[in-house]
Amino acid sequence: MKTFTKLKTVILVLSIVAVSAASCKKDSTEKKAQAGAATVTASNYGIDGGGSGKFNSTAAAIVKVGPVFNVTAIIDGGKQSININLLGVTTAKEYDLDAGNSSGNVAYMFNDYQKTTEGFSTQNSSSTSMIGGGKVTITKLTDTEAEGTFYIVAHNAAGKAAYAENGTFKGTITTGK
C-alpha cells in the first residue's frame, strides 16, 4: 500500500508539473508549437453526482517518460481535472483502466486539482457493485505527438462516482529521460 501511495504522489506531482510547463508561454509574436501543448475533451462528464456536462481543456499536457505515459488536463475556467496514467506504453493500442488491471494503469478525477486527497480513482472500489474502470485507446503515438480516445468510471473512498465518456486527447508530447 505504501508503494501505491508513493507512486500516486509521484504521478500527481509529475502531472501538475506537466500542466504548469505546458501552460507557460513566451511573450513573442512568433508562433511556434509548444512542447506538451494538448487538448482533452469528454462529451459526457460528471463528478460526485453532478449532472452530465462537457469537459474541455486547453490546459492539458501529454508526458512520456520511458514507458510511462500521462495525460493531464484541467477543465477550462475551473479546477476539475482528469489524469490518466499508463505504464508500459510503447505503441498505439488499447490500454485497460479496470480496477486491479495487471499493468498498474489508473485514472484519477478531481473536483479540485489542488485537493488531491479528495479524488476519484479507477482503482477505488467500495463494493463489487461499484468497481471503477475504463479504457484508453492510443490511436497515434510518435516521438512528438499522441492522440486517442478514453472513457473513465472512477470512485472515491465514500463510494461516490465520477465519469468521463466519449473522451479524446491530442497534442505534442513532453518527454523526459
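How does Lys135 count by its relative accessibility, buried or partly exposed? At 24% relative accessibility, Lys135 counts as partly exposed, where buried means under 20% relative accessible area, exposed over 50% and partly exposed in between (1.4 Å probe, protein chains only). The model is a predicted one, in which local features need pLDDT of at least 70 and side-chain atom pairs count only at pLDDT 80 or more, while totals for chains, interfaces and linings use all residues. Residues are numbered from 1 along each chain as its sequence is written, and side-chain values use heavy atoms, with hydrogens and water left out.

**Overall architecture**

- Of the 177 residues of the protein chain, 38% count as buried.
- Among contacts (heavy atoms within 4.5 Å) with a separation of 6 or more, 56% are accounted for by residues 24 or more positions apart.

**Salt bridges**

- The whole structure holds three salt bridges, each defined as a side-chain nitrogen of Lys or Arg within 4 Å of a carboxyl oxygen of Asp or Glu.
- Lys135 meets Asp96 in one of them, at 3.5 Å from N to O, and the pair links distant parts of the chain, with Asp96 in strand β5 (residues 94–96) and Lys135 in strand β8 (residues 133–141), 39 residues apart.
- Asp96, with a relative accessible area of 27%, is partly exposed.
- Lys160 pairs with Asp48, the closest N and O atoms being 3.7 Å apart; Lys160 lies in the loop between β9 (145–155) and β10 (161–176) and Asp48 in the loop between β1 and β2, so this pair ties together parts that are 112 residues apart in sequence.
- Glu145 forms a salt bridge with Lys140, with 3.0 Å between the closest N and O atoms.

**Aromatic pairs**

- Three aromatic pairs are found in the whole structure, a pair being rings of Phe, Tyr and Trp (its six-membered ring) with centres within 6.5 Å, and planes under 30 degrees apart counting as stacked, over 60 as edge-to-face and the rest as tilted.
- The rings of Tyr45 and Phe55 have centres 5.0 Å apart and planes at 55°, so this pair is tilted.
- Tyr45 lies in strand β1 and Phe55 in strand β2 (residues 53–65), so the pair ties together parts that are ten residues apart in sequence.
- Phe55 is buried at 0% relative accessibility, and Tyr45 is buried at 4%.

Technical notes:
Helix = DSSP H or I, 4+ residues; strand = E, 2+ residues; numbered from the N terminus.
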